[in-house]
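Please look through the model below with the sequence at hand. The notes after it take a few local features in turn.

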Amino acid sequence: MAVLMGLVLWPVSAEAAPDNERTVRVAFPIQKGLTELDEYGNYSGYTYEYLEEIAQYTGWDYEFVQVPGDENESLTTLMRMLQDGEVDLMGGMLYDPALREQFDYASHDYGMVDTVLQVLYENIPDVTINSQVQQYFRIAVLSQSSRSVKELEDYCAMNLVTPEYVNCTSVEEQKEALLSGRADMMLNNSVNPVEGVRTIAKFASKPFFFVTSKDKNTGLLGDLNKAIVSIEQSNPYFTASLNEKYFTSTDNKLYLTKEEQEYIKDAGVMKVAVLKEQPPYQYWDEKQDKLSGISVDLLAYVSQVTGLQFELVGVDTPDLLYEEMDRDNIKLVAGMPYNYDLARERRLSMSRPYVSAQYLILMKEDSTEASIKGKKLALTNAGSYKGEYQGNVYRYDTVSECIRAVEKGEADYTYVDAYTAQFYINMPEFHDLKMVPQTYEARKICFGVVKSGSMELLSILNKVITTIPVVDMQGIINQNSMNKQSYTIGDMIRMNPLEAIIVLVAGFLTVIAVLSYFLRQRARMSKKTALELRKHFRLYALVNDYIFEYNHQTGKLLVSRPRPEKKSEPEMMDFDLKKESDSDELKEQKQGFVDLIMQNEGIVEANLVCNDGQRHWLRLAIEKVYDGDALVYVLGKINMIDEEMQQRDELLSKARLDSLTHIYNAETIRNLIIEDIHQMKEGEHGALLMIDVDHFKTVNDNYGHMSGDEVLRAVAQLLRSSFRADDIVGRPGGDEFMVYMKKVKDKSALCDKCGEICSKARELLVENEIGITISVGAALSCAGDEYEDLYQITDKQLYEAKKDGRDGFKAADRMEAAGL
């Protein structure tokens, strides 16, 4: 009876729709993975989530019924209560003709369960079922599981397996039989997750259903059937995602077989080919005088966790790399594209990809991607694409040469992945390149194992890539792709060519200094003469720019407007800055200009109201003329730099934002948070929130990376709209987001906010009606905190939120954090 009931769930309360209010009494036995209840009264599990989704269509509310006793006793009691009408609904029921006489089954199942054979992780390669060979295995089974044993007997007969049963009374005893060597494998079902084991065979798939009291809940069963059909039609992957969430093992521990351990022991030092010009994956770092990159750091991680030893062999081009392979000088290729044709052609076995990045077009800022037909496309000689190209292809040895060809104008554009683009865009010499996202399949990077080598090496690499924590892998990627470089004066001139005018201004100031000398001499002798004024006019005509002359003693300001025609005189505008008849607004404008030129000397930039009544950005070159210690004149040149300042602001804004979601990037949000914490006063509180999209990989796998990007943009928009304007919202990378709230009252207010954004995320529907949930870790901050400490506390809270089943939050204040 317990096996037939092997899947019952516990529904959570859902807010009923006003026009269809009904409270459904649901039987609730505690079953791992299916129906769970934590110490805080929070419910989770496969059946629980499915019932919550049903409530979205039916408007039902739920009352959960529990009874004392162990799992078998509670199941038996609840089934009797269902027969008597004391509860309305029960989940996780396998179909059985005898039970069909007692209960009404839903017309549609809501999941599948398989009977499985499982072994310890380290025994996987040693235990393989081969239907062509007579085999003998000791199998740990539950003594009361007669139905599963019958299914196992049919499977063994079909696959020439002779079983010896090791009878056990619990799953724990089954696993102990594996660990002690009394059994080779254990019999289990796919919805009963056990840590430390992995499935090697599945068979006897069976659907499971919701059931109701016999002939007592016809209306309820009809609504239930409609809701299940609607769920499966609107999201065919819903049950698959629930199955992965609750029944797929998340054990990230690295398990190596005896053969793999022996291989590591005997392998010695293996030579690995590393390209010197393929940043950020692999390249020669001249500053550190060594090979660096994502692949190199990942190899160091592999060496650390496995004991394998690598010798890096730097090569300049892919062709030279393949020559090293042909001479049998290397065993491993670092950072090769994940491409079956390339692997087959070069006789390489590919590991699992360890990096996946979107393709981008790199082109000049002033170029457009509207049409690339006939344009010059820069590609590497080693490219594996064999189809047609939109543009005319120009070949280069390395990606670096392709990008430099675009920078120099030798090519119009090139294709690179996002991490490569980010590496180069951070260099001053490539500041005028722009990135255009593409919709092609993401570029994947893996290790290539030379086929003459041992396959144990490939297996070890795959296991490490599979089990490396996401945080560690993202850290390796970020520290290599975010290539920060210092800017020299030459870089600044190239990035801001208009500022180069400063050199000319310096020369012009020399002219002004000479002019001021003559003006001082003239002022001593007499007032300005007509000849002196004419000389000014001619000098201003030569300069052909806005020149001002302010007489400090009289308050007169002369401004020359550039001559409209080559042979005409410049227009001279005369302002009396001490004129009493001016309006208050005009007096304020004039006084602002006077204060600026009186308080500064040299080159000054300011935003002022000009003669046209509009505010403009001006660059002024100011020189003062003295008679002894007394100031007589202020002379200078004026340039209007509105467009230049706008371009500068746009560049600064782009450098601070994440290119996909247009919220702050990792470096910017970290700097802003540190700045706010340092400015925090005693007694004030802030809060750091770390947000992860639950099972984001499933979205990418099931819907593609474009849909994944839409999800990230939608979450970013949700966060922007959910927090105050002065709160800091950013995306450090991947599916991780970060929010820093300023002036938070207390932990209760923080928890309310976390619960609010989790709720909003559940209601969010992205393209293709993708539903998502998020996990949130949060911690209060106070004056004197260090960012790294706050980050670690918040990261711990996020881990706890995920550990508790995701789709929720965990928050800590300072007292709680001290105990973590």
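What follows is a short report on a helix pair, a sheet, a group of paired strands, the cysteines and one lysine. The model is predicted.

**The helix pair**

Start with helix H9 (residues 294-306) and helix H15 (residues 470-481). Their axes lie 9 Å apart, and the packing angle is about 145°. The crossing of H9 and H15 is right-handed. H9 contributes Ile 294, Asp 297, Leu 298 and Tyr 301 to the contact. From H15 come Asp 472, Met 473, Ile 476, Ile 477, Gln 479 and Asn 480. By type, the residues of this H9 and H15 contact are 6 nonpolar, 2 polar and 2 charged.

**The five-strand sheet**

Next comes an open sheet of 5 strands. Its order is E22-E21-E23-E20-E24, and the pairing is mixed. Strands E22 (392-396) and E24 (433-437) stand at the edges. Each has a single partner strand, so one side of each is left without a neighbour in the sheet. From one strand to the next, the twist averages 35°.

What is the sense of the pairing between E20 and E24? Strand E20 (residues 359-364) and E24 are antiparallel, and they pair over 5 bridges. Leu 360 has Pro 437 of E24 as its bridge partner.

Two helices pack on this sheet. Helix H12 (residues 399-408) touches E20, strand E21 (376-380), E22, strand E23 (413-417) and E24. Helix H13 (residues 418-425) touches E20, E23 and E24. The direction of H12 makes about 140° with that of E23. For H13, the angle with the direction of E23 is about 115°.

**Strand E26 and its partners**

Is strand E26 (residues 546-551) enclosed or open? In E26, 5 of the 6 residues are buried, so the strand is largely enclosed by the rest of the structure. E26 pairs with strand E31 (residues 630-640) and with strand E27 (residues 556-561). The table sets out these pairings.

| Pair | Sense | Bridges |
|---|---|---|
| E26 and E31 | antiparallel | 6 bridges |
| E26 and E27 | antiparallel | 5 bridges |

Ile 547 has Lys 637 in E31 as its bridge partner. Phe 548 stands opposite Val 559 in E27. E26 and E27 also form a hairpin, with 4 residues between them. In the turn, Gly 555 has a positive phi of about 75°.

**Cysteines**

How many disulfides does a search of the whole structure find? The search finds 0 disulfides. Consider Cys 758. The closest cysteine sulfur to its own is in Cys 754, at 6.7 Å, which is too far for a bond. A disulfide needs the two sulfur atoms within 2.5 Å. Cys 758 is also buried, with a relative accessible area of 1%. Cys 446 is buried too, and its relative accessible area is 0%.

**Lys 802**

The last stop is a lysine. Lys 802 is found in helix H25 (residues 787-803). Is Lys 802 buried, partly exposed or exposed? With a relative accessible area of 27%, Lys 802 is partly exposed. The reasoning rests on the cut-offs: buried means under 20% and exposed means over 50%.

What does Lys 802 contact, leaving aside its neighbours within four places in sequence? The contacts of Lys 802 are then with Asp 692 and Ser 775. Ile 774 lies 28 residues from Lys 802 along the chain, and their C-alpha atoms are separated by 9.2 Å.

Note on methods:
Residues numbered from 1 in each chain as written. Predicted model: local features only at pLDDT ≥ 70, side-chain atom pairs only at ≥ 80, totals over all residues. Heavy atoms only, no water. Axes fitted to C-alpha atoms, helices over the stretch in contact; angles between N-to-C directions. Left-handed = near helix turned anticlockwise from the far one by under 90°. Contact = heavy atoms within 4.5 Å. Nonpolar A, V, L, I, M, F, W, Y, C, P; charged D, E, K, R; others polar. Pairing = 2+ DSSP bridges. Buried < 20%, exposed > 50% of the residue type's maximum accessible area, 1.4 Å probe, protein only.
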